[in-house]
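Biologist: I would like to learn how to read a few features of a model. Please take them one at a time.

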Amino acid sequence: MIRVKKSALFVLVILVFFSCTDKKDMSKEVQIQPAHIYFNSLDASKTGIEFINNLTFRDSLNIIDYLYYYNGGGVALGDINNDGLDDIYLSANQSTDKLYLNLGGFKFKEITKEAGLKIDSTWSSGVTMEDINNDGFLDIYVCKVGKYKDLDAKNLLYINNGNNTFTEKAETYGLAFSGLSTQASFFDMDNDGDMDMYLMNHSTHTTRSYNNISARDTNDPISGDRLYENLLSDGQQIFKDVTDKSGIYSSPLGYGLALNTSDVNDDGYIDIYVGNDFHENDYLYLNQGDKTFKEVGQDYLGHTTRFTMGVDVMDMNMDNKLDIFTLDMMPNNNEIFLKSGGEDSDKVAKIKENYGFGDQYARNTFQLNQGGHFTDVALLTNTFATDWSWSVLLQDFDLDGLNDIYITNGIYKRPNDLDYIKYLSNVDFSSFTKEETTNIKKELIEKMPTIKLPNTVFKNNGNLNFEPFTLEAGQEPSYSNGAAYSDLDNDGDLDLVVNNINQPVSILENTSERDNNNYSSLKLDGNELLHNTNGAKVYLYSNNKVQRKDLSTVKGFQSTSTRILSFGLGNSNKIDSVKVKWLDGTEDVFLNVPLNQTTVLNKTVKAKKQSTPQSLSHTFTTFPYVHLENNYLDYERESLIPEKLSTEGPCVVYADFNNDSLPDLYLGGAKYQSPSLFINAGNGDFELKKVESLLKDGVYEDTDAVALDIDNDGDLDLYVMSGGNDNAEGSDYLEDRIYINDGAANFRRLPLDMLKNNGGSVSTIDFNKDGHLDLFIGNRSIPGGYGLSPSSYILASNGKGQFNVAAKLRMGMVTDSQWADINQDGLPDLVVVGDWMPVSIYLNKGENKFENATQDFGLENTNGMWNTVKVIDLNKDGNLEILAGNTGLNHKWKASKEKPIKLYLDDFDKNTQLDPIIFYDFFGSYVPFANKDNLSGQIPSLKKRFPDYSSFASVNSLNDLFPNKEETVLEIKEIKELRSMLFNLKNGKYTGTVLPVQAQFSTIEDFAIDLEKKQILYVGNYTGFVNELGNTEANAGGIIKYTNTLDLKHKENLELPPFINARKIIPLNKTDYLVLVNNGSSYKLKQRN
C-alpha cells in the first residue's frame, strides 16, 4: 500500500471561475501540501469497479418535474459472504444498481447478475445492508421511487442465500412498499432480538405538503414515513406495518432525506432521527419502550437545519454522549453565497412560527448532547457551511483518538440560484404546447449553474477545534452524494466509497499519516439469545480515556457503512478494557484486547444486567414572575438592522425597600406589562405586593433600574429607565421614572420631566464625593437610527430629589455600566460596554470631568457586541478585573482586529433616512450582511447598479456598492472581538483572557460572582437577532472556576431549562439564585456543592 508522505505534491487542480450563467474550468499545476488526513482516489483499472450514476434529460422526468432529480445514489458496505472483507453495493437512478465482491487488496469483482439482483433501470435511492432474518448473513434492502410520473417500482428486499446469491422477497416479507422512498433503517425497536424497520419517504411539492403542523395527523400513502415491526421473534418471517399506533408521522409534510437510528438519550432503547427538507421540522423520535415513539424535536433541539440532507450520530467531544451532525446547503464561497437562496426572511420565519414549525436555518448543525437537550456549535466550530452537502460521516480517519468529519458536496444543477429562480418565475408553462414545454424545460435546465465542488474533511484537533481540508485531503471537485466508510483493505484505517453523478464512483484509499497511532477494530457477535448485535454500545478504556461507539450503520445520505467498529488510540499502547452494552440490557467486559487488529467480541452467556442510571433531580423551581414582550418587529421599520432593540428587559433590583433588613425584589415589565414588587417573606419565599403607582405604569418598557435614597429620608427609592425601539427619541413612552418610597415599600411616582431615550444602563455612585448618590444614564440607541450613538449622561444629585447634567457623552450603544475606582485615586471611574464599542473606561478627573482612558488601559481594540460587565477584584491582589459578556464565538459573524465587522452609517441615497450597511468576513472575503433584495429595498438605486444576482455576487466592499464612498462616509464602526473575556490589569494595562469555550457557545447576558467558592456564574442566550443570523440559544448558563492566578476552567452548565433567553442572575443568598428570562418564566436556582 502506498502512503502519502507529508511533503509537497504537484497535482492537477480544477480552478472554477464563476460567471452569470455558466462555469469555466481552467486547469494548471499548483503545489499542494497534503493534509494530515489524506485519501487517494483509486482508478477503475486498479479496483475493477466501473460504475457511473449517469443522469440524462428525459421529457417525462427531469429537475423541473422532480425536485430530487439530482439527489444521486447511495452506497452500502458490508461483508455479504463473511470472509472478513466488506463488499460494495451501489445504487443508480437511471441505470442498473451494481454489487461488487471484495477480493482483497482493493480488487473487486462485479457479481450483480450472478448474485440474482435485478438488471433494470428503475430509480433506486437509498440502500441498506442488514441481517433481517437472523441467519448470520447480511441482506440488502433497496429503496425505489415509484408511483410518480413515469416511475413505477417497488422497494426490493434481497435475502442472502449464503452463497453469494440473493433472492428478492420484499412481497413475502411485507416490505414491497411503492412510493417516494429515500432510505430504510433496520433496528430493534422493542429489544426482542429482531430487526424492525423505519422507512423514510419524501414528498414532492403539492397543495397537501404546504400546511400548518396539524397536517402531521394526516396520512399520505406515497410520501408518508412507515414503521414496520419484525415478527421474527414470534416465529413469523414477515413485517407488520405498525405506523398508525406507533406515534410516527406519516404525512405529506415530511420531506425525509436523512435517517439515523441510535439511542440518543441512553435509556436502552433505539431512537430515530429523521432529517426533513424544506419547511417541516426534523423529527427526533424518542423510543418509549412500548413500541411507540414520542416526537420531541422542538423540546430537545433549539433549531435544526432547514434543508436537511444528511445526518450522522457520534460522540464528538469525548463525553460519552451521542452528538448529532446534520447537513444543509450554505455555500462557503462568497460569490455562490451572494447569488444563492439562503435564510428565510424574518417575515417568512414568523409565518412559519405561527404555523407551528420550529426554528430552522439553512446551514449545517453540530448538535452537542447535553443530556436532555442538544446545543448547536456548528458556528463555533466553523463547520456550518460546506455548500450543497449530502453525506456526513463522523469517524476517526487518522486514528488519533478523535472523531473527524467527512462531508460530500455538489449538485449537478443548482435550482437555488436566484437568477434562475427569477427567470423561472416568469415562465407560464400552461401557455405552451407539449413540444414547446419540453424545449423550455431544456432551456431552463441549461440556465441552472453547474459547479463541481471538492468534498470536505474536518480534522478534529480537540476542544471543538476542527480544521477543514478539501484538495489537500485528496478531494477533487465532483458531484458527490451517497458515501460510506469501511476498512476495505483491513489495514486498520477507514476508507471511503462515494457515489457521484455523471462521474465514476470514488474509491478512496485512506493514506493518512498515522504517526505510529495504534488502533483496535472490533466485530460484535451475538449468541443464541441475541443474534443481531445492532444497537450495541461499546466503551473502550485506554490511557485514562473512554471512547464510545455504537453499532448503527445507516448514516450519511442513502447509505450504509461497515459493521466493524474502529477505534483510534493515538500513541496509547494498551487497551485496559472494553465494555459492551448489549441491547437486551446485559453487558460484557473484555480484557486483554489486542492492538492493531480486528478482534471478535462474542456476547457471553454470563453477561450481567446493566445498572439503571439514576436521573438527577432538578435544582431549579419556577419563580412566580413571567416576562411578556410586546409583539413589535423592529425589522419592519429598519430593514437593515441585525438585531432587535425593543426586547431589552427584564430588569431587576434586589434591595430592602421596607426596612426589615431583608432584600426585596423590583422586577421591571415589558411594554404593556406593569412592573412587579416582591417582598421578602424571610423564609425563602417572596410575596407580590400591589403598588398602585407601579400598576399604572404598564405602558413603559423597563430596561434597567437602580435603588438609591433620592430624597435623603433613609429609605431606598427607585430610578427606573425606560426603553424600546418603537417610538422616536423624546417620546413620552421612553421617559425614565423616579418612584419615592415611604419607608414601607409604598411608592409614588415623582411628577418630573425626565430623560426620554431608549435606555440601556443606569448605575449609581457618589462620584463627586458630596454625600449624595449620583447617576450614570447610558442609552442604548436612537430609535430608527441603528448604529448611531445616543447621548449618555452623568447626573449629579443635589440631595433633594433633583439631578443636574454633569456630563453629556456619546459613548456608543450602551448596554451595561459599573462605577469602580480603576486607577485607585479615590475617585470612582466609569466602565461602560455596549454594541459596536470597546470595553470603555472613563476616568473621573474631578470637577465633573471625565476622560476617555480606554486606549491608555489597552482596551482600544475590544470593540464588540458586549452585553454585561462586572468590575471586581477576583483574586484580591488589589487590582480590579473586568469581566465582560459578549456575543460569543457561536455566531455567523467572525471578528478580529485584522478583519473586523464593519458598520457604515450614512444616508447613501439622500432620502433623509439612515442606511446602516454592514460588511463581515465570510471565509476570507468580505460580504454585505444584507442581501441584494434587502439592500435594493432600502436603497432603490442599487437595482439599476446590480440588475441581477450574479453582478451583485462580486460585491465585497462599500465601494463596490457606492464607488469612492468609503472615504467620505459619515461614520464607520467596527467589531473586533466577539469572545466573552476576563481582563486583568497588569502594569497599567488590561490584558484579556478568553473565557472557556463552553462560555462562548452563546451570548453572556449577566454574571454573578461567588468570591468564597472562586466561581463565576453566568447566564445567556439571545433570540433578538434577525433570522439571517439566527437565535443564539446554545447555553443558558454555566459556572467557571478560577484560581488566584486567574486560570479559568469550566465547571458545569447551570441546570436551567434549555433555550431560555436568560437575562439576569441575582444571588438571593449563599446558595440560591434568581434567573430572569426575557419573554418567559423566571427560575430560582439552587447551586449544588
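Modeller: Start with the lining of the largest cavity, which by class has 4 nonpolar, 8 polar and 9 charged residues. Keep in mind that this is a predicted model.

Biologist: Now an open space. Which residues are closest to the centre of the second largest pocket?

Modeller: The second largest pocket has a volume of about 1,300 Å³. Of its 47 lining residues, Lys350, Glu353, Asp359, Thr1023 and Asn1031 are the closest to its centre. By class the lining divides into 14 nonpolar, 21 polar and 12 charged residues.

Biologist: Which element gives the most to the lining of the second largest pocket?

Modeller: Helix 6 gives the most, with 5 residues. At least two residues each come from helix 4 (297–300), helix 6, strand 23 (360–361) and strand 77.

Biologist: Next, salt bridges. What is the general idea, and how many salt bridges are counted here?

Modeller: Side chains of opposite charge can pair when their charged atoms come close. In this model the count comes to 43 salt bridges. One of them joins Arg208 to Asp220, with the closest N and O atoms 2.7 Å apart. Both residues lie in the loop between strand 13 (196–201) and strand 14 (226–230), so the pair ties together parts that are 12 residues apart in sequence.

Biologist: Are the two partners, Arg208 and Asp220, buried or exposed?

Modeller: Arg208 is partly exposed, with a relative accessible area of 39%. Asp220 has a relative accessible area of 11% and is buried, because buried means under 20%.

Biologist: Which residue meets Arg306 in a salt bridge?

Modeller: Arg306 meets Asp344, at 2.8 Å from N to O. Arg306 lies in the loop between strand 20 (304–305) and strand 21 (311–314), and Asp344 in the loop between helix 5 (334–338) and helix 6 (346–354), so this pair ties together parts that are 38 residues apart in sequence. Arg306 and Asp344 are both buried.

Biologist: Which elements hold the salt bridge partners Asp1072 and Lys1086?

Modeller: The side chains of Asp1072 and Lys1086 meet at 2.9 Å, N to O. Asp1072 lies in strand 76 (residues 1072–1077) and Lys1086 in strand 77 (residues 1081–1086), so the pair ties together parts that are 14 residues apart in sequence. Asp1072 is buried, at 13% relative accessible area, while Lys1086 is partly exposed at 46%. Salt bridges can also share partners: Asp263, Asp266, Lys537, Arg548 and Asp550 are joined in this way into one network.

Biologist: Last, the backbone. Which peptide bond is cis?

Modeller: The bond from Gly649 to Pro650 is cis, with omega near 0°. Pro650 lies in the loop between strand 45 (620–626) and strand 46 (652–655).

Biologist: What should I note about phi at Lys291 and Asn596?

Modeller: Lys291 has a positive phi of about 70° although it is not a glycine. It lies in the loop between strand 18 (283–287) and strand 19 (293–295), and Lys291 is partly exposed at 37% relative accessible area. Asn596, also not a glycine, has a positive phi near 55°. Asn596 is in the loop between strand 42 (586–590) and strand 43 (598–602), and at 35% relative accessibility Asn596 counts as partly exposed.

Key:
Residues are numbered from 1 along each chain as its sequence is written. This is a predicted model: local features need pLDDT of at least 70, side-chain atom pairs count only at pLDDT 80 or more; totals for chains, interfaces and linings use all residues. Side-chain values use heavy atoms; hydrogens and water are left out. A salt bridge is a side-chain nitrogen of Lys or Arg within 4 Å of a carboxyl oxygen of Asp or Glu. Helices (H or I, at least four residues) and strands (E, at least two) are DSSP runs, numbered from the N terminus. Buried means under 20% relative accessible area, exposed over 50%, partly exposed in between (1.4 Å probe, protein chains only). Ala, Val, Leu, Ile, Met, Phe, Trp, Tyr, Cys and Pro count as nonpolar, Asp, Glu, Lys and Arg as charged, and the others, Gly among them, as polar. On a 1 Å grid over the protein atoms alone, a cavity is a set of points where a 1.4 Å probe fits but cannot get out, and a pocket is an open set with protein on both sides within 12 Å along at least five of seven lines; lining residues have an atom within 4 Å of a point. Grid points are joined across faces, edges and corners, and a volume is the space filled by probe spheres set on the points.
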